[in-house]
Each structure stands twice: as structure tokens, then as C-alpha cells.
Amino acid sequence: MWLNPEEVLLKNALKLWVTARSNDFFLLQRRRGHGEPGRITGLLVGALDSVLDSNARLSPFRILLQVPGSQISWVIASGAAVEEVNKHWDWLVHNLLRSLSVFENKEDVASFVRGKVKGLIAEEVRGRQAAQEEEPDKFREAQLKFELHFGLPASEKLVTFYSCCCWKGRVPRQGFLYLSINHAAFYSFLLGKEVKFVVPWAEVTRLERVSAGLMTEAVRINTRQRQREFSMFLNPDEAFGVIGQLADIAIRRLLDSEGLEVDRVLQQPARITKRVLEEQALRDYVLALFRLPRGERLHEVAACSVWTPHARCHAAGTLYATDGYLCFSGREEGSCILLVPLSEVLSIEKAESTSLLPDPVIVSVRTKKAFQLIELQNRDELVENLKSRLRALQWKQSVFRSRSDGKRSASAPTPYYTFYYDTGPADEDEVEEQVLRNTVNSEALMTAFHQNHDQPGRGGKESAERLKERLWDEHFSEFGRGVHMFRTDKIQRLVAMGIPESLRGELWMTLSDASSELEAHPGYYARTVQKSMGLSSLATEEIERDLHRSLPDHPAFQNPTGIAALRRVLTAYAHRNPKIGYCQSMNILASVLLLYAKEEEAFWLLVAVCERMLPDYFNRRVIGAQVDQSVFEELIRDRLPELACCVPDLSTLSSVSLSWFLTLFLSVIPFSSAVCVVDCFFCHGIKAIFQLALAALGANATQLAACTDDGQALMILSSFLDQVGSEEACPPSTPPAAEDAGGGVDVPAVRNTNISDLINESYERFGDLTVRQIERLRCRHRIRVLQSHEDTTKDNALRVATADVSLSAETLSSVYDLFRTEHFISLYWGDRSAAAAAEASAWRPGGAGRSYEERRYRLDRPQFKSLYGLLAPWPGGSAHHAETLADRTFSLLDHGDALVSFRGFTGWLDTLYCKELNEKIRLLYRLHIPPALTESKEDPSLMKSSQLSTNRPLCVNLASGEELDYQQQLQQMLKDLLKEKDVEKPLALMNQREFIQFCKTLYSMFHGDPEENDLFQAIATVTSLVLQIGEAGHRSGPAPSSGPAPSSGPAPGSGSEAEDEWRVSFAQVLASLLTEPALVNFLEKPLDLSAKLEAAREKQYSQRGALLSLTGTR
């Protein structure tokens, strides 16, 4: 174990230790006499150790840290066995030894290593205590340090921390990496220098494990701005896994509120702990391995052995118990899989334990079979928990059956299910479309519509089908039949041959466990069809458009019967799952399912594919398919390195393969062969598609490596896949003649490839690909895909905003980042931004109003006020008045939904920083009239007065003795303004009380300016002038204005008081302000928005975090 470094003298006069291994910085020593029985030295040292008290006794092995040229060393590790201490020695050699050579001062080496060992000790202690229920003291101490070092709110929950090194060039900085729910934070204090930084998970674009130079097993975290490397973890695999999980969860929660589903526990950040992450990773693996419904919760995991009748022995593995299933997997993934739905279980009983059968449990199912489990730890507790869930499930089933029986007895005697087939021509007049719409087929379409009635070689196909049926019958008798059939390597070989048509629908239901869903929801499909038929939506319009594009060459879909069945299945699913609705390629998949399964079974098979087997594939942005394309690129680099070297940009190959994954090869391989791929998919899940796609590229690697453009690669793969046939449909043929090849692209002749051979080759070459590997790759690559979509969203938002503003592209990008970060900060720490998040979550394709990109990041009032304080160009004399102006600005930019869009926000900034003087004054004017300013809002003023009046003339005596006639100058300015063609919609008049607030704002803007005195004098002159204009206009009649009557109501009070108030127009206020050069110069002074944005980025976290902590938001 690692020890807190303790000094010892290297010169050992008693010679009690023998050096076994050494290098420049470390010594591995063995206690003299240990392992040397019979020697006198061993006896003497043993006697010495035995007389010492227990606290002073030493372990027989230790590791010392030594500094060259020094007589002092430090004990840093010890062990009772040589294996334990060798493990520590190997870690030091592989992770520290090469890094120590960069230190010029050898004393720094000792300080660095001692700090590293202390970090490892803290991590080991925390790991041991984390296994207990109570929170360890070390973790609480780390939480306090985390809050102290980084100043984040207390609601930023720390999940775990690791001792590691952060690399800056070739120099490592030893410290601690703190992983919280929203950030990765690093802190180091070494040799008097402090290093700390925070990386939000939302900014992470890529995670990698690298090993280059001095870095061994380093974790690289990439953001859009830079990359950081961390190494020297005690457990690199664990650290990398936790980092990937936290980044994946945070990005899914923040960047895809309307797409990917996050587990309910993970949606509550305060509940996320390291143990929760470990349990969630295991649950995701179990759901993917057994392809269970996404709502299943994992309750128990136990090592055990199950009796396998086909092998006549017990197979060791792991039992996983969820809400509704008992799942068993052999030690080697895929070697033996058993799935037992609890709905099939009759009883779970304990049997008598013997030496041959320790702790046995018998699980009996409805098919009069029983499964024997032995060597179960905590058997009693496990059985009780299983019985409790079984009783609850059986009670629920009995209640549901009683309700169903009551409804059935009260309903009409005619059943809903009617059976109708029309095998005649599609244009017969007697076929009634309305009848077909409301008919549910009770048999698979293939039983009525055969594509190859008179094809040559049909007799050979029938004999092959009979052979397959016989092999499957033998398999059923040996391994069982139904969902709880043992799945071993033998079923893989049978599926590779192709499932016989007579068994295909049954086995698809069995292998996908759609049969359990069907039994658990009797009558569900019929009710859904009745509810969905006749409804109109965007999904139904798309379904109608694609109905006749689904397998158009197959006779079943050249007939109204098949089209009507396809319409019912797709419409029912769109009604069941409006979040997905309908997505292209679902029609092709549903068509194939209808050919081999009954209509209701096809519906549940579609449910299984869309919701369990291909999660997140069929949504608006097909995120799941894009993630798998990114995973596929990495698999190409790993499994086909020669091809990856010759084709540096693999995006072309992944783009070509997108349709392979979306349609399970149905759109690229002849139909008779493609259904064999679907067989493999239902047997092995997405792993089979990955393997087959790799095999297709591997078979054409030489030609693809020689390609000169993307079109040629596409032609090669298309030609290859077109020639993939089955044994019956594709007789041996010679390569096509060279003269038949078309001109243009030089594509080598392709010979026919048997689909079974291709499948077997994929198993042989890539069969070691596991579900666990795929799930880990998906976790990492989902980050890249979502960030890529985020970049696209940003580009779209900038493109829309660019047309309205004069800000530079770089500045606009910085504004977007700040705007988005403000939105994220509120989501991080629970600010009341639920309106914006709820609106984004509630958005659905085809909805009225703005696009999703426009709705995605919108700020509510607290968020906007935070950014206002960071970006407002002029300092405010009063914090309260600045907050009041922020409220008014929000009200002005809000269009009735209590949210400000990015487009409106950039328009406000552009006016303040880039527009002309007239526009700036116009904005200030609008902030002091309705709707920005309302009479009901409390807005105390420093100039509080019911009315202002003056009797001074509109002429001012200047210092030079000249007299300036302001009225004449104002009349000329009004004429010039009225002549302008591009004058916007006239503004309402400003009454006396609103003008008082306007003056207050002008006074606050000049606070702290070097020309403050001149500006105050200028605004006093302007104020006096406007007052005179207002009173003169009030006495003579309505004020001159190009606008309509004021929209604001009278001030509170009597009607006579409202009538006594004077009003001025925007043109009058503007003309008055233009008479003062000091004001004009101040408002036209260039403002540096880039510097303001840079300062805002540095202050945003501290200011917003402190605000949220003080307000006590959740």
C-alpha cells in the first residue's frame, strides 16, 4: 500500500534491508531474512521484529524514494507480498520515472513525488470509504477545497476527484482534478505557483486517450479553444470512464433538450454520485446487451451458474435482475445468453443446498420448464426481492385481465379483428379503400403475396427451406423455444444461413422479445389504430407520401391490402410515440416486418426496433445514426488500419454507410439477401450491422484504397452490394464482361457474393467486437455529434443575425458564446429559467412560429439583466436605476412571451455600440415610454416632482453676448427630419413624468466620465429647453409630432391633472440634444465591444454564481 512519505537514512548500519530492484529515483527493498528460511541473518531479524510492538512491525517489502547525492530517502510504499509491492513499482516506472527527468533541481523531484503519493493515498482512502453508505471525510474535505478554489455555488455538486498531473508542454503540474456535474476543474499548488482552471462539460468537443512522449495513458479533453492533457491516474480506465459519462450526461441535458432521453435519476444533478454513475453504466450495458425496454431498472447483479441442458453442465456467468426480466450472460459476452421475462415465470423457489449444488434456485416458467441457478451469493435476499416483484406483476396482470374481460362483455359481439385479403390486381373496382383502412390483417403478407411464384429454381429453394426448418426444429428441441431459449454460438451459425420464411416472424418476435410486449398489452394495437385513423398531422402527411415508395417492386405493396396495412402500422406508431412520429426509412423497415409477421406483431417489432434496438435513430436529427457513423469511423481505423491509412478522410465512407444503418441494408442489398441481414440484426442487435459493414469495406479495401474521388468509392461499394445474393436466389455466375461496363469511372468487375459467406466472414474477422465496447464508443462519440450539431445551430443563428446588425463575425460569435453561457449557467445552478427550457422542450417539428434554432437559446428576465450588467456601455450612477433600465430594456425586447431571443439581443447591442447617434437616442427614448415604461411599475426618481414648469423664454444669452434663438433652430431640424424617407414608425409622445425618468437616465449615464461637469451642464441646458418647448406647446395646442396620439394612459390622479401635463415628441427631444456638442461627442464616442466582451467572459461565472447563491435559487 502507499504510505505517507517518511524520511529514513539510506545508510543502514544494521543492514536490515536488501535492495531487490533500483533505478535513479526509486529502490525496492526486501526485509533481510524474509524468504530465506534457515539463515542466521533471517533468524536474527525475525527475532528483532517479533519483540517489537505491533505498531512498530514492518512489512517485508518497501519502496524508497531517493534523490541522487543525498543520504535521505522517503518510504512511499510497503507490502506484505511481493506481488503487491511489484504492482506499485510498475506504476512508478510506467507513470513517473520518465517524467522526473524534466526537473533540473533534484529537490523538486522529491517534492513532486511526495505530493503525488499523498494524492494517491487520499484517492485510495476515498475509494475505500466510498463503498460505505456514509460520505467519507476526505470527500467532504475535497468538496470544501473545490468550493474554496473555484468559487462556484454550493449547488455545483462535486461527484469525485482524482490525483493526477496536468501537462503544460513537457512540464507536468501535480494536482487534483475535480469532476462536478457541470465542470471539470483542476487545481495545483506546486513550488509556490498556483494553477487552476475550469472546463465546462458543455464546451467539451472530444475525449481521447493518448500516449505520446512523456505522457503515459493520458486523458485529453478538447474544447473549441484548446486541449488539456491529464495523466498519472491511479486508475486511468475508471477516470476516463467517469469523465466520459459526466461529459455525455451534461451535454445531452444541455444541448439536446428535445431529443435524447436522459435517465430520470440523471435529470436530477443533485442525486448524481460516482456510485450512481457506475450503476448507470452497468444498466446501460445490460439494456444494450439484452435489448430491454429503456424504462427497465437494474436491481440486482449476482455471479452464479446456470444449468445448460444442451451442454449437460453448469455455465458460469452473471445474473441481472430488472423490473421485468431475469437475464443471464456467460463470462464471455455472447457465449450463453438467457432471457426470462417475469411475465413468463410461475414461481421462484430455493432448493436444498448440497456440496455439488450450492445455494440453488429453481425458476419455473409457463412452458413447463425450469431453470436451475446455483452459487448465488445473498440467495435469500435475492429470492425475496424477485418474489416481491413477481407478486406485484401477477397482481397487475390479474387486475388488467379483469378490466379487459369486463370491457369485452359490455362491447358489441362483433369482433374488431376482421380478415380481408385481395390477391387480385390493384385496380379492381370492387376493392374498397375505406374497408382496407379499417381491416387488421391476421396473417403475414408473405402468406398471400409471393414474389417468386414462377421463378426458376423454386424447387431448390423449397428444399433449402425444408432443410433450414429441420435444423431449427433440432435446435428448438435442444435449446428450447420461445423468448427464454438458450442463445449460444450455434444460433449464430443458424441465423447466418438465413431463417426459414415459415419461422422468420416467430423468431423475430422471440429474439427481439417483442412477444412479451404483445402479451403485456392485449388489444393495445387495435385501440391505437382506432384512435389514430382519420387524424391529420405532419407525420400522417409524410406517411401518405412514402407509402408507395416502400418496396415498390414487391407485389404485397402493389396492392391496396399491403398499403393499408403499412398505413395502419406507421400511423399507429406515430400516434403512440409523437416524439418520433414518423421518420424516413421507417416505411421500408415496417414493410419488411409486415411481410413476415402478423400486422399486430409487426407493430410491436417496429416498437422494439425504434425504442430499444436502435435508440435515438428515428428522431428529427437522427442523432443515434450519426453517433454510430462516428463510431464506425473509429472502428475502421482500429479494425481496418490499412484502409484507414490510404483513405485519410473516412467521412465519405461513413456517409455512404448511413443508409446501411438506417435501413439495415434493406435499401442497398437485394431483398432476398437483405432479410438475412435483418435476421442477424434481431439476433445480435446493432453489433451485427457494425460487423457486416466492416466486412463489406474489408472485402473492397484494395479497390477503395486506390480510389481517386468519392464517386468512385460509392460506385465500388454499390456494385459490390448489388451482387450480394443468397444461395437460392443467386446461382454461381461469372463476372460481367468488361465491354458491358459503362464508360467513365473505372470500376473493377464484381463477382457475386453469397450473403451467408459475407455474414460468416464478418463473424470471423470482427466477432470480438462486444456490446460493451460499442456502448463506450457511443458515449464518447455522442459528445462529438452533439457538439457538431451545436456548431451548426450557432452558424444558423449567426447567419440570421448578421443580416440585421453591423457587428463583425468574430464579435457576433463572441456575443453568441456569452449569450449561450448565460443560458447554461442558469441551467447549471437552477435559476428560474424554466420558461426558456420548457419552450425548447415543448417544441415539435411543424409547429407554428419560429424555428427550433431560433427558440433554442432565449433568455428570461434574470438572465438578461445579468448580461445587461456585463455589457451595458455606460456606467450607471445608481445600481437600482441600472436594474430599472435593464427591466425596461427587457420589456422593450420582449415580444409577449417573457423571453428575449438572440436576434433581439444582438440588435440591442448593435444599436448601442455601432449605430448612429439618432438610433442611440431613439433607443433611450423608447426606454422611457410604454411599453418599456409603465405607470404601474415602481420607478423612484432622483428628480421626483409632480410637475416641472418654467417661464423662461426660448432664447439663451451666450457668454459672448450673442443671443441664440433655439426655437428657430428646432423648427429647421424638424423640417429636415420630416423630409427623411426612411423614418421608422413614429413614436408616441413623451409626457412630463416620462421625461423626468429620461432625464434621470441621462444623468446616470455620465457618472464617472472625465467630462462629467460639462455633460451635467449640457443636460441641464437641454432639460430646460425641452421644458420650455413642452409648456409652450401645451399652451398653444398639441406638440408638433409626426406620430400618432400617445398610447400611454393618463397619470394616476384626476382628469384635470392629466390634462395639465405637457408632452414632447421624439423629434423635439432629439433636436434639443443635438444642440449640445458635449452630449453629441459623448454619444458618438467609439465604444470597444470586444474589450467589453472579454471582460464579461471573465466576470460572468463569478458574478452570476454569486447572484444565484445570494438569491437562494434552487
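Q: Which residue does R858 form a salt bridge with, and how far apart are the closest N and O atoms?
A: R858 forms a salt bridge with D897, and the closest N and O atoms are 2.7 Å apart; a salt bridge here is a side-chain nitrogen of Lys or Arg within 4 Å of a carboxyl oxygen of Asp or Glu. R858 lies in strand β22 (residues 858–859) and D897 in the loop between α32 (879–893) and β23 (900–901), so the pair ties together parts that are 39 residues apart in sequence. Helices (H or I, at least four residues) and strands (E, at least two) are DSSP runs, numbered from the N terminus.

Q: What should I keep in mind about the model?
A: This is a predicted model, in which local features need pLDDT of at least 70 and side-chain atom pairs count only at pLDDT 80 or more, while totals for chains, interfaces and linings use all residues. Residues are numbered from 1 along each chain as its sequence is written, and side-chain values use heavy atoms, with hydrogens and water left out.

Q: Is R858 buried or exposed?
A: R858 is buried, with a relative accessible area of 1%, whereas D897 is partly exposed at 26%. Buried means under 20% relative accessible area, exposed over 50%, and partly exposed in between, using a 1.4 Å probe and protein chains only.

Q: How many salt bridges does the count come to?
A: The count by this rule is 45 salt bridges. One of them joins the side chains of E506 and R481 at 2.7 Å, N to O. E506 lies in helix α11 (residues 501–512) and R481 in the loop between α9 (458–479) and α10 (489–497), so this pair connects parts that are 25 residues apart in sequence. E506 is partly exposed at 31% relative accessible area, and R481 is partly exposed at 37%.

Q: And what about E790?
A: E790 forms a salt bridge with R820, with the closest N and O atoms 2.9 Å apart. This pair links distant parts of the chain, 30 residues apart, with E790 in helix α27 (residues 771–802) and R820 in helix α28 (residues 809–828). Both E790 and R820 are buried.

Q: Switching to sheets, what is the strand order in the open sheet of seven strands?
A: The order is β16-β15-β14-β13-β19-β18-β17, with antiparallel pairing, where two strands pair if DSSP finds at least two bridges between them. The edges are β16 (337–341) and β17 (345–350), each with a single partner strand, so one side of each is left without a neighbour in the sheet.

Q: How many bridges join β14 to β15?
A: Five bridges join strand β14 (residues 313–322) to strand β15 (residues 325–330), which run antiparallel. The bridge partner of G317 in β15 is G330.
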